[in-house]
Amino acid sequence: MSASPANGDFTEDELEAARVLFAREVSFMMGAVNIAGLPPADLPEVAFAGRSNVGKSTLINAVAGRLHLARASNSPGRTREVNFFVADGKLRLVDLPGYGFARASRGDVKKFQNLGRDYLRGRPNLKRAYLLIDSRHGLKDVDKEALDAFDLAAVSYQIVLTKADKLKASEVEAVTARTLAAIAKRPAAFPRVLATSAEKGGGIPELRAEIVAACAF
């Protein structure tokens, strides 16, 4: 396993093709509060998961090149739905309920976290999940529960480090290496970790290219 260098695994043409796809229309489609309410499995999907304060909405907005596509909440754990966004009519970005710090009753927390797990287990058109980890903190025990859920669902998932601009380059390299070591023996983990900064744009072109490759366009 190795970290993903700036352009190491993608050609300029691949990066540009991914940029163009997301430069086209990206729009909110719907939110689902239960499995019965999911849209038809007729387009490839990639899903984003992570702790409630990891910057998930901000990263989705950066990938889509939109400021307010996915709405970030000032109250961590507020998202109770699986939200779907459509890119160029070709693929869907799926925002799963965050975990940790949820300001809800335990019963409600379990309900919407189970919704995310049910989505992972029962979505045949899901091409990859992206588990977002705050680069400043690395993998926590609550994240390892998410890793177990991905492995159990046999869903290909990739670790995306967020807020990498808050660290020195050497620190980003170190947390990337630790993360790779932690997932080395996990059966469903994709063997590359991406360090990103939604604020500065670092790693976003590569993440777009990863999404396009996962969807096999």
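Predicted model: local features only at pLDDT ≥ 70, side-chain atom pairs only at ≥ 80, totals over all residues.
Residues are numbered from 1 along each chain as its sequence is written. Local features need pLDDT of at least 70, side-chain atom pairs count only at pLDDT 80 or more, totals for chains, interfaces and linings use all residues, and side-chain values use heavy atoms, with hydrogens and water left out.

Helices (H or I, at least four residues) and strands (E, at least two) are DSSP runs, numbered from the N terminus.

| Element | Residues |
|---|---|
| Helix α2 | 56-64 |
| Helix α6 | 204-214 |
| Helix α5 | 169-183 |

The axes of α2 and α6 come within 9 Å and cross at roughly 80°; axes are lines fitted to C-alpha atoms, for helices over the stretch in contact, and angles run from 0 to 180 degrees between N-to-C directions. That makes α2 roughly perpendicular to α6 (65 to 115 degrees). In contact (heavy atoms within 4.5 Å) are L59, A62 and V63 of α2 with I204, L207, R208 and I211 of α6.

In helix α5, V172, V175, T176, T179, L180 and I183 are buried (under 20% relative accessible area, 1.4 Å probe, protein chains only). These residues lie on the same side of α5, because they cover an arc of only 140° around the axis, taken from the directions from the helix axis to the C-beta atoms. The face turned away from the buried side carries S170, E173, R178 and A181, which are exposed (over 50%). The cover over the buried residues of α5 includes α4, β6 and β7.

Strand β6 contains T162. T162 is buried, with a relative accessible area of 4%.

How values were computed: Parallel < 35°, antiparallel > 145°, perpendicular 65-115°, else oblique. Expected span 1.5 Å × (residues − 1).
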